[in-house]
Amino acid sequence: MLIEAVNIVLLALLAATAIAAVRLHDLFAVAMMFGIYSLLAAVMFVLLDALDVAFTEAAVGVGISTVLMLATIGLVGRHELPSTHRSLLPLAVVVATGAALIYGTLDMPFFGDPGAPVHQHVAPYYISQSPHQTGLPNVVTSVLASYRGYDTLGELAVIFTAGVGVLALLGLRRRKRPGKHRTAQ
Amino acid sequence: MIDNPVLRIIAKIIIPMILLFALYVQFHGDFGPGGGFQAGVIFAAGFILYGLVFGTESLRSAVPPAVLRLLIAVGLALFAGVGVITMLAGSDYLAYNALSEDPIAGQHLGILVVEFGVGVTVSAVMITIFLAFAGRNDP
């Protein structure tokens, strides 16, 4: 009963934060709203017992991505330009997509349903065999690093590629001639 | 560079704690929540806080771009290299059992090295992205 109340409050706060982020025009405040949104999402993950995911959401969503957004705002200015286009078509697209997604969830198993396909495939094997095969108490780590090592290697390659891409596009070298060419670059 | 003394002193006090906590998350990930990715991000957050308070120029001299570029590749090479070693030992790619006589010890060693590789690349990439964005406003 208490957990339902906490969930309802958290979801209401999530919705309120999202609406505030859309309606605000000060991009600094919007970046802060995104940070709060990620923090609330991290709390939701803790309530869902997904501590590793909560950890990542709190570190990346609240910390790093907020700082990166602020760094970008420092480059582009903190005020949103007034919108010149009509927003009826985008609204229709969003409503249609949202309705399709909600329709899609009607087929999904209930949260925590032990008969759900995701709990029937390889998960029981990992959970029962991980202590004997890897000797690790944290099954998340043994799945990520050992059973699903290829996937994690692929994810690391994605992060590596992101870093290389940023280096190739922006670089780390200080520009030699600031001043009049500054805005052109 | 921010001249607020409170911010500077607090940053100096908590940055070592952030880095120490990152190392804890890195090497305790086998037993509790966390692992290489989270540790890498937290480790990078310590450096990014340093860059925010003391300026990107100070951060650049603390971790030179050449070192960052090297570390980005070293982490991924560590991960991929473990797979090559297990293949040389006569097993499948990334089958850590081949790393030691005892399969459990092999798994432990493999996961430790692989998670360390993840942490190195993730933290180097995060600091790089921050420097690439925030450093563009440098005079």
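Is B:L94 buried or exposed? Select B:L94 first: this residue is buried, because 23 other C-beta atoms lie within 10 Å. The term buried requires 20 or more other C-beta atoms within 10 Å of the residue's own, exposed means 12 or fewer, and partly exposed lies in between, with C-beta atoms placed from the backbone.

Before continuing, note that this is a predicted model, in which local features need pLDDT of at least 70, side-chain atom pairs count only at pLDDT 80 or more, and totals for chains, interfaces and linings use all residues. Residues are numbered from 1 along each chain as its sequence is written, while chains are lettered from A and ligands numbered from 1 in the order in which they are written.

**Two loops**

B:L94 sits in the loop between α4 and α5 of chain B; helices are DSSP runs (H or I, at least four residues) numbered from the N terminus. Although not a glycine, B:L94 has a positive phi of about 65°. Most residues other than glycine have a negative phi.

Next select A:D49, in the loop between α2 (27-47) and α3 of chain A. A:D49 is likewise not a glycine and has a positive phi of about 65°. A:D49 counts as exposed because it has 9 C-beta neighbours inside 10 Å.

**The contact between the chains**

Now display both chains. The contact takes 41 residues from chain A and 46 residues from chain B, two residues being in contact if their C-beta atoms, placed from the backbone, lie within 7 Å. On the side of chain B that touches chain A, α2 (36-54), α4 (65-88) and α5 (103-134) of chain B each give two or more residues. The largest share of that side, 19 residues, belongs to α5(B).

**The largest nonpolar core**

Select B:V41, B:A44, B:M126, B:I127 and B:F130, which have the most contacts inside the largest nonpolar core, a set of 56 residues. Such a core consists of buried Ala, Val, Leu, Ile, Met, Phe, Trp, Tyr and Cys residues joined through C-beta atoms within 7 Å. Its largest share, 15 residues, comes from α5(B). Focus then on B:F130: not counting residues up to four places away in sequence, B:F130 touches A:V67, A:L68, A:A71, B:I48 and B:G51.

**Domains of chain A**

Finally, colour domain 1 (1-79) and domain 2 (137-176) of chain A, whose bounds come from an automatic or database domain assignment. Their centres, taken over C-alpha atoms, are separated by 23 Å.
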